[in-house]
Amino acid sequence: MTPREIEALLKERFGDRIPESRLDGLCSWSLVDPAAILEVARFVHDDEKLKMDHLELLGGVDYKDRIEVVYVVNSLTYHHRYTLKCRLPRDNPRIRTVESVWKVANWHEREAYDMFGIIFEGHSDLRRILCPDDWEGYPLRKDYTFPGKYHDMPV
Amino acid sequence: MNLDYSGDIMTLNMGPQHPSMHGVLRLELKTDGEVVVEAIPHIGYLHRCFEKHAENIEYPGVVPFTDRMDYVAAMNMELGYVLAVEKLMGIQVNDRVRYIRIIMAELNRIASHLVAAGTYGLDLGSWTPFLHCFRDREKILDFFEETCGARLLYNYNWIGGLMFDLPEGLERRIIEFLDYFEPLVEDLNRLLSYNYIFIKRTASVGIIPPEVAVSYGITGPNLRGSGIKFDVRRNEPYLGYEEFDFEVPVGKGEFGPVGSCYDRYMVRIWEVLQSCRIIRQAIAKLPPGDVHATIPKRVKPPVGEVYMRTECPRGELGYYIVSDGTSKPYRVKVKSPCFTVMSGFREYSRGAMIADIVAIVGSVDIVLVELDR
């Protein structure tokens, strides 16, 4: 399916919970209402015409006024790819986990938590993954300042 | 699998400094005697936040950093990045650049798979194949050295072109190398792949069923080892891979269930031969041209975002780049193939013996530097 058809299908199914889309050749995406992400994820995974069984990438982007969570999904059956995005408030970013849809989301969400401080509600094991457990702050946020020391060791 | 775990569970740390962990990986093993009830991977020992670095340097300066992610297949790492930026800027490179990139990427794939096969043999106690593999990989590294001066970290693919054209006569020497090398794959098979002990150690160990592989987002040779025919070069071609005639090998389960360590290993061996085929075709078609013709004076992509994926030797490598119109990327997110394959480790290593953990880690062919980024 082309991105246009996927967008139309999502729009038809979820209506105003898909407030915005942009379709271009580079990376076609649709904005999803954060409260509906689990439902949308399950739909794109299970739907017979979409069958997006592969979660390619899950990551955050800090836009200074908001944090976006980006889900790139593709289908191993039909070889089409699409991007879903959720916009979260920067001071308290919370979203439901999609671990139950794609198991790989477990680690991807841990990484997004580690780097941006996004809380994935319902996650089975939300710990830091790349940084040490007692690391302070979220490194990929734009206002992050590098600590001079970690346990009295210069970094 | 239903195993009756009786007795005490003992925790054993394998790594971070363990010769068979392929880098600094720590596995927390919950063992009951020789059986591993649960293997929990702990990563991050090599984390240096490449993605943060990338936000603070200009676009061309990121290329050497991508080299340092997967140092065994650096050509493929930088290829993914430059293709993503070119897509964002709308640069069309000429045919010579395209074909040289394919030749280099495929040579690098052969080199990387030789390391994978050689060290896998080493993990399982066979020393000679390792020496054979490294002897031939050396010759490929010589080609790279001749072309761009570096043997491991190349910075050869530039945004919009290449660092240098091929040196004179290199095409002929690459063909000579392929003529010499292709029969040697059969030697390696006789030495290692069809070795009775090797088969016994791998053919019914570490089985990744197809549905598990898909759910855990496993890609590349590991996915194809589970019998799923998916290759980005074939299914979403970039660089004009659709013009080439090659096959996508999948695991057949010759000596055990499909998706075993043996299948993943064999897929790599078959892929080496397919890469040889691609290189021969690319050299036969190599047109003249200027490799610097489309290099932009200033790399300043328009506002926007791009996702580009390529097939690197370890699986699908994806770059998600957000540009805010300045000369530095606003965000670079890397989809690392080793990260996803390790995320499922807990599942497909359950119930294995301690000695088999070594076989499983070796068979998924991870590079920890890329995993931790």
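Modeller: Start at A:Lys51, which is partly exposed because 17 other C-beta atoms lie within 10 Å. (Buried takes 20 or more other C-beta atoms within 10 Å of a residue's own, exposed 12 or fewer, and partly exposed is in between; C-beta atoms are placed from the backbone.) This is a predicted model: local features need pLDDT of at least 70, side-chain atom pairs count only at pLDDT 80 or more, and totals for chains, interfaces and linings use all residues. Residues are numbered from 1 along each chain as its sequence is written, while chains are lettered from A and ligands numbered from 1 in the order in which they are written.

Look at the backbone of A:Lys51. Its phi is positive, about 45 degrees, although A:Lys51 is not a glycine. Most residues other than glycine have a negative phi. A:Lys51 sits in the loop between α2 (37-46) and β3 of chain A. (Helices, H or I with at least four residues, and strands, E with at least two, are DSSP runs numbered from the N terminus.)

Three bridges pair β1(A) with β2(A), residues 29-31, in the antiparallel sense. There, A:Arg22 has A:Trp29 in β2(A) as its bridge partner. Now return to β3(A). (Angles run from 0 to 180 degrees between N-to-C directions, and axes are lines fitted to C-alpha atoms, for helices over the stretch in contact.)

Next, cross to chain B. In all, 31 residues of chain B are in contact with 24 residues of chain A. (Contact means that two C-beta atoms, placed from the backbone, lie within 7 Å.) On the side of chain B that touches chain A, β6(B) gives the most, with four residues. The residues of that side divide into 12 nonpolar, 10 polar and nine charged. (Ala, Val, Leu, Ile, Met, Phe, Trp, Tyr, Cys and Pro count as nonpolar; Asp, Glu, Lys and Arg as charged; the others, Gly among them, as polar.)

Chain B also has a positive phi in a residue other than glycine: B:Cys49, near 55 degrees. B:Cys49 is placed in the loop between β3 and α1 of chain B. With 17 C-beta neighbours inside 10 Å, B:Cys49 counts as partly exposed.

Three strands of chain B form an open sheet in the order β1-β2-β3, with antiparallel pairing. At its edges stand β1 (10-14) and β3 of chain B, each with a single partner strand, so one side of each has no neighbour in the sheet. The twist averages 25 degrees from one strand to the next.

Seven bridges join β2(B), residues 26-32, to β3(B), residues 35-42. B:Lys30 has B:Glu38 in β3(B) as its bridge partner, and B:Arg26 stands opposite B:His42 in β3(B). The two strands form a hairpin with two residues between them, and B:Gly33 in the turn has a positive phi of about 65 degrees. Helix α14 of chain B, residues 354-363, lies across β1, β2 and β3 of chain B, at about 150 degrees to β2(B).

Finish with a helix pair. In chain B, α4 (residues 95-123) and α5 (residues 128-148) pack at an angle of about 160 degrees, with their axes 8 Å apart. They are therefore roughly antiparallel. (Under 35 degrees is roughly parallel, over 145 roughly antiparallel, 65 to 115 roughly perpendicular, and the rest oblique.) The contact residues of α4(B) and α5(B) divide into 14 nonpolar, three polar and two charged.

B:Leu141 lies in α5(B). Beyond four places in sequence, B:Leu141 is in contact with B:Ala111 and B:Arg151. Also, B:Leu141 and B:Leu152 are 11 residues apart in sequence and 7.4 Å apart in space, C-alpha to C-alpha. B:Leu141 is partly exposed, with 16 C-beta neighbours inside 10 Å.

Notes. Two strands pair if DSSP finds at least two bridges between them.
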